[in-house]
Amino acid sequence: MRRIEIFDTTLRDGEQSPGVALNSDEKLQIARQLAKLGVNVLEAGFPISSPGDFEGVRRIAQEVRTLSVAALARANAKDIECAWDAISVGESPRIHTFLATSPIHMLYKLQKSPEEVLELAIQAVRLAKLKVGDVEFSAEDASRSEVDFLAKVFSGVIKAGATVLNIPDTVGYATPEEYAAFLRAVMERTTGIEKVKVSVHCHNDLGLAVANSLAAVGVGVHQLECTVNGIGERAGNAALEELVMALHTRRDQYDVDTSIVTTEIARTSQLVSRLSGMVIQHNKAIVGKNAFAHESGIHQDGMLKDRSTYEIMLPSDIGIDAETIVLGKHSGRHAVHQRLTDLGLDLGESQFEDVFSQFKILADRKREVTTADLFSLVDLKTETE
Ligand code: KIV
Ligand code: ZN
């Protein structure tokens, strides 16, 4: 089984979510948890963007020594010097430099010709390489770039010393089949591609970030860039927990594994949500409150007979020890009876029938019938006898 690396950018691209600003203590707290989670590369920030970010990146590089710590830099000397100042104290530092390669970005944003962009990219990688061995180059808006031009830029930066090439879908425009074909074409035409790691970085504007990243796994990429809870610019980035659990649950299909300790996923997700202030939607895959909750009678009955009827992963796989059967108006006899028995409330048949009809009346008024409600129903029943 091939090992794929997880590059976590929660503290850089994730922090670019509108309304999110983490101070350096919070960043450090998340970084320690990401180390426990087992990510391979942690992008700690964009040091030139603010003194606070610089400090956060530096503290992480200093303290978190079991993984590679990356810092972002645009393709210019000032950014690269600053990124290096922040991470040079680290055990395994990586400079991540980027430049846009799509006609739209080159024309309107950079206002530079393709020849100038090629030259700037090469110079940036050369400069970064004078500082550190591990240099990642990202071609911003790669998925809307021309294949031949992108391959030319990549061949140039490999020659200049890049160790990782990132092919982002910056604006979340790609679709899985098209993205896979695009990656194949670029990789085929890039000279020296066998010497470097290939990475993808997908945004979620069309809700396809995870699907596109998985399509890239099929092409043979070595690194996936993602964020915890999928936070990030606009609609966010590929969600780490979704990618990892898709690869884990469907390893029959992908035949790759990661170094992620899946039982740390829930804890990491909650920490990032709490510190970033980004609330997790209840039906969010893997880490949402309802991701392992079963409410309908038919599903609950199936689950009680065998969990595999409606559960493709166990809550304990991601580190939750939760009651997954939620008692509500759709619940049937079997689930209510089981819960009463689990609570040590062994009722006779007719007593149970009375409690069950009271349960149904209550469930019509309440979204969820709790353990305390069940005790009250049983107490009420015994008092009236
Ligand atoms: O989305 C993007 O292209 C980026 C790059 C800086 C990698 O975040
Ligand atoms: Zn991005």
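Reader: How many helices and strands does the protein have?

Author: The protein has 15 helices and 10 strands. Both are DSSP runs numbered from the N terminus, with helices being H or I of at least four residues and strands E of at least two. This is a predicted model, in which local features need pLDDT of at least 70, side-chain atom pairs count only at pLDDT 80 or more, and totals for chains, interfaces and linings use all residues. Residues are numbered from 1 along each chain as its sequence is written, while chains are lettered from A and ligands numbered from 1 in the order in which they are written.

Reader: What does the C-alpha trace span along its principal axes?

Author: About 90 × 40 × 40 Å.

Reader: And what share of the residues counts as buried?

Author: 45% of the 385 residues. A residue is buried if 20 or more other C-beta atoms lie within 10 Å of its own, exposed if 12 or fewer, and partly exposed in between, with C-beta atoms placed from the backbone.

Reader: Take helix 2. Which of its residues are buried?

Author: In helix 2, Asp 53, Phe 54, Gly 56, Val 57, Arg 58, Ile 60 and Ala 61 are buried. They pack against helix 1, strand 3, strand 4, helix 3 and strand 5. Contact here is between residues whose C-beta atoms, placed from the backbone, lie within 7 Å.

Reader: At what angle do helix 2 and helix 3 cross?

Author: Roughly 45°, and their axes come within 7 Å. That makes helix 2 oblique to helix 3. Axes are lines fitted to C-alpha atoms, for helices over the stretch in contact, and angles run from 0 to 180 degrees between N-to-C directions. Under 35 degrees counts as roughly parallel, over 145 as roughly antiparallel, 65 to 115 as roughly perpendicular and the rest as oblique.

Reader: Which residues meet there?

Author: Phe 54, Val 57, Arg 58 and Ala 61 of helix 2 meet Cys 82, Ala 86 and Ile 87 of helix 3.

Reader: What about helix 3 and helix 5, how are they set?

Author: Their axes come within 10 Å and cross at roughly 25°. That makes helix 3 roughly parallel to helix 5. Ala 77, Ile 80 and Trp 84 of helix 3 touch Ala 124, Leu 127, Ala 128 and Lys 131 of helix 5.

Reader: Further along, which residues join helix 12 to helix 13, and at what angle do the two pack?

Author: The angle is about 55°, with the axes 8 Å apart. Helix 12 and helix 13 are therefore oblique to each other. Gly 297, Gln 300, Asp 301 and Leu 304 of helix 12 contact His 334, Ala 335 and Gln 338 of helix 13.

Reader: Arg 333 is in helix 13 too. How many C-beta neighbours does Arg 333 have inside 10 Å?

Author: Arg 333 has 15, so it counts as partly exposed.
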